[in-house]
Amino acid sequence: MKRNRLWLLGLGLLTALTLMMADDRAIPLHPQVGLSNFQLNARAAEAPLTVIQVAQRGSQTTPSPQSSPSPQSPPSSPSRQSSPPPTPAPSLSAEEREASPLQLSEEPYKDPGGRFTVGLLAEYLPAENEESEAERGRLEPYKVGSSAGIPLIESPDGNLAYTVIVQPLATARTLSNEELAEIAIEEFKRGEGFSPAEFRPVASGEVLVPWTGIFNNKTPMQGTILVRQRDRTVYLLLISATDVAASKLEPAIALLFETLEPL
């Protein structure tokens with residue numbers, strides 16, 4: 001019974017956000033797509049699933065046709081807003097990695113479809129003998145499952161889990177940070193209570209989208225989506241955690257950030 005409960009919890013962390021909208025579909029992107037604000041409740045968005053349509057979420061005031069920009073100030077694009085400044089890539093120092101409750105297994109997870117590889121996390125279990133001087137027990141690899149072709153990788157207690165979704169693109173151009181973040185929001189916005197925070201650019205073709213949500217109307221969740229473009233494909237790594245595992249999010253993101261790669 002406990003195993004079933006943990007599996008349903010882990011499944012709810014991810015598939016509640018993915019199964020309703022995830023499939024390997026190409027996304028035609030408008031060349032001028034952009035957005036002004038990610039501080040929103042994504043449940044209010046109504047864009048079609050098959051096309052990324054990014055509406056302006058800032059002011060709805062339309063400039064007067066007679067107005068002209070000041071000679072001292074060049075006109076700004078109406079469909080683009082400046083991105084937040086880049087943030088350092090998630091990482092752990094040697095000391096932090098040694099002390100982390102999470103580690104990487106020797107063998108990564110390889111997508112059966114040959115699309116990507118990502119690290120397989122392992123977690124130190126509590127010491128079996130309370131009288132032991134050891135601060136932690138054995139290193140237990142995360143459990144690997146799948147649902148509707150989507151991998152589900154979860155911690156031994158079911159309180160932290162992650163998945164990867166692959167999105168082929170209908171364009172070969174390098175997408176802007178705003179477009180990459182919008183892809184993540186469009187993909188997961190139907191998740192229960194899914195609400196994204198402001199995205200964080202890391203590098204060209206890479207952004208992080210922190211988010212919060214609710215599972216089964218009572219269990220708060222939080223996590224981060226890593227959005228990474230490689231050529232004509234976008235890879236979305238979604239990491240989810242309950243409050244119990246919130247402290248493990250930072251090392252999980254840092255460890256997995258460096259391992260997600262196309263095959």
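Me: In E13, which residue is the bridge partner of Tyr162?
Reply: The partner of Tyr162 is Ile239, in E13. This model is predicted: local features need pLDDT of at least 70, side-chain atom pairs count only at pLDDT 80 or more, and totals for chains, interfaces and linings use all residues. Residues are numbered from 1 along each chain as its sequence is written, and side-chain values use heavy atoms, leaving out hydrogens and water.

Me: How many bridges join E8 and E13?
Reply: Strand E8 pairs with strand E13 (residues 233-242) over 9 bridges, in the antiparallel sense. Two strands pair if DSSP finds at least two bridges between them. Strands (E, at least two residues) and helices (H or I, at least four) are DSSP runs, numbered from the N terminus.

Me: And what joins E7 to E8?
Reply: Strand E7 (residues 150-154) runs antiparallel to E8, with 2 bridges. Ile153 has Tyr162 of E8 as its bridge partner. E7 and E8 form a hairpin with 5 residues between them, and Gly158 in the turn has a positive phi of about 80°.

Me: Why is E8 largely enclosed?
Reply: Strand E8 (residues 160-168) is largely enclosed by the rest of the structure because 8 of its 9 residues are buried. Buried means under 20% relative accessible area (1.4 Å probe, protein chains only).

Me: Changing topic, what is the strand order in the open sheet of 3 strands?
Reply: The order is E2-E3-E14, with antiparallel pairing. Strands E2 (109-110) and E14 (261-262) stand at the edges with a single partner strand each, so one side of each lacks a neighbour in the sheet.

Conventions: Buried < 20%, exposed > 50% of the residue type's maximum accessible area, 1.4 Å probe, protein only.
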